[in-house]
Amino acid sequence: MSESDFSYVIDTFFTLFSMVLIIFMVPGFAMLEAGLVRTKNVTSVLTINIMIYAVASMMFLLIGYKFAFGSWNNDSMSKWVAFLFQMAFVGKTVNIMSGGVSERVKIIPLMIFTVVMAGFIYPVAVNITWGIDFLSGTMFDISAMHDLAGSTVIHSTGGWALLAAIILIGSRKGRYTKNGGIRVIPASNIPLVTLGAFLLWIGWFGFNGGSVGSISTKENADVVALTIMNTNTAGLAGAIIASIIMYVRYKLFDITMIVNGALGGLVAITAGADLYDIYIPIIIGTIGGALVVFAIPLFDKLKLDDPVGALSVHLVNGIWGTLAVGIFVSDVSFVTQIKGVVVVAVFALSVSYAVLFVINKIISFRAEDDVQLEGLDVNECGLESYPEFKRAI
């Protein structure tokens, strides 16, 4: 076997393994969201997650991948595994959005939006950053932005779509009282929340490590290892700072906030995990975890109802993580990073809102109040996850 063939095989296997790790994030999102919603809506959340994976992946196969990258060719590894790796990302943008509108969104209109997100919105974000770049040479060209695995391309894109959805669909029935109060709706299954968070954490090693693109040389192997180490470090820092802040403020350790702090650190490091030394990720993850703790109550005050904290984790930290590269890496322009954040924000928010608005005119996204009261499991799926329990109102 020649040296080039050996590299081809090693990089193909490495990318395939990374893809499998990323797919672990599918049950990660499902378990996290299932644990954070009420028992009467668990089946609908799980159904949405598996359908997002199926529909988004199929649309990316049929339309999205070629639209983003222009060709199936890849000389450094199998073109099929190059596709599979990119396919593993696509559903995450909709997962971010679907989790944030849990407990009041219908399945059919959400799947229609998934078709558009996977076939057009997300591929455009990829096209102008990692892909063939139809904006090349224009004032909107952001291909120079450094975003290793998608703090902006994936997390912020999904976050902007979620913001558009929350504005359009509104909050869960009873979440905010008439006198301006906030009704606490506790998580239904903390073990599932914890399991989901750890599955996401593990998946992130493939998410960021695999995005290096090659492991077949000594230099690339070192970059992959450093990337994964930095990814883990930022998650650790996010969890630690979230627990400290919660204890200082409330004398309590809120595990839902701690896991979201970890996820915030992981989102924040995603843009530049390959460029930092082993200490900068501590700072980035710490700020990321703190942002989550303070952003979640802020969004509630703005009456932006987000049951899983996705705006705080993915949108806020997607922005922070992208800007952090320009702050901590001298070779990366801070202005370029800001430009990338703004261009993707304007595109993803405006187009997502327009698409959601049109779909909503045809089929309402929002479940009726009596359906929300009874639970979406019965009305949308005809199957309850916990049929032996009395449904919580």
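Predicted model: local features only at pLDDT ≥ 70, side-chain atom pairs only at ≥ 80, totals over all residues.
**Surface patch.** (Patch members have over 30% relative accessible area and no salt bridge, and nonpolar side chains are joined within 5 Å; areas are Shrake-Rupley values with a 1.4 Å probe.) Helix α3 (residues 42-69) gives the largest share, five residues. (Helices are DSSP runs of H or I, at least four residues, numbered from the N terminus.) Ile-63 sits in α3. Ile-63 is partly exposed, because its relative accessibility is 43%. (Buried means under 20%, exposed over 50%, partly exposed in between.)

**Ground rules.** I noted that residues are numbered from 1 along each chain as its sequence is written. Local features need pLDDT of at least 70, side-chain atom pairs count only at pLDDT 80 or more, totals for chains, interfaces and linings use all residues, and side-chain values use heavy atoms, without hydrogens and water.

**Helix α2.** Next I checked α2 (residues 25-36). (The expected span is 1.5 Å times one less than the number of residues.) Ten of the twelve residues are buried, so α2 is largely enclosed by the rest of the structure. Among the buried ones are Phe-29, Leu-32 and Glu-33. The buried residues pack against helices including α1 (3-23), α3 and α4 (79-100).

**Core.** Which residues touch the most other members of the largest nonpolar core? I found Met-97, Phe-113 and Tyr-122, out of 105 residues. (A core joins buried Ala, Val, Leu, Ile, Met, Phe, Trp, Tyr and Cys through side-chain atoms within 4.5 Å.) Leaving out residues up to four places away in sequence, Phe-113 touches Met-97, Ile-121 and Phe-365, among others. (Contact means heavy atoms within 4.5 Å.)

**Salt bridges.** I counted seven. (The rule is a side-chain nitrogen of Lys or Arg within 4 Å of a carboxyl oxygen of Asp or Glu.) Glu-103 pairs with Arg-38, with closest N and O atoms 3.0 Å apart. Glu-103 is buried at 3% relative accessible area, and Arg-38 is buried at 11%.

Asp-305 and Arg-172 meet at 2.8 Å, N to O. Asp-305 lies in the loop between α10 (280-301) and α11, Arg-172 in the loop between α6 (151-169) and α7, so the bridge ties together parts 133 residues apart in sequence. Both are buried. Shared partners join Arg-38, Glu-103, Arg-172, Arg-175, Asp-300 and Asp-305 into one network.

How values were computed. Helix = DSSP H or I, 4+ residues; strand = E, 2+ residues; numbered from the N terminus. Buried < 20%, exposed > 50% of the residue type's maximum accessible area, 1.4 Å probe, protein only.
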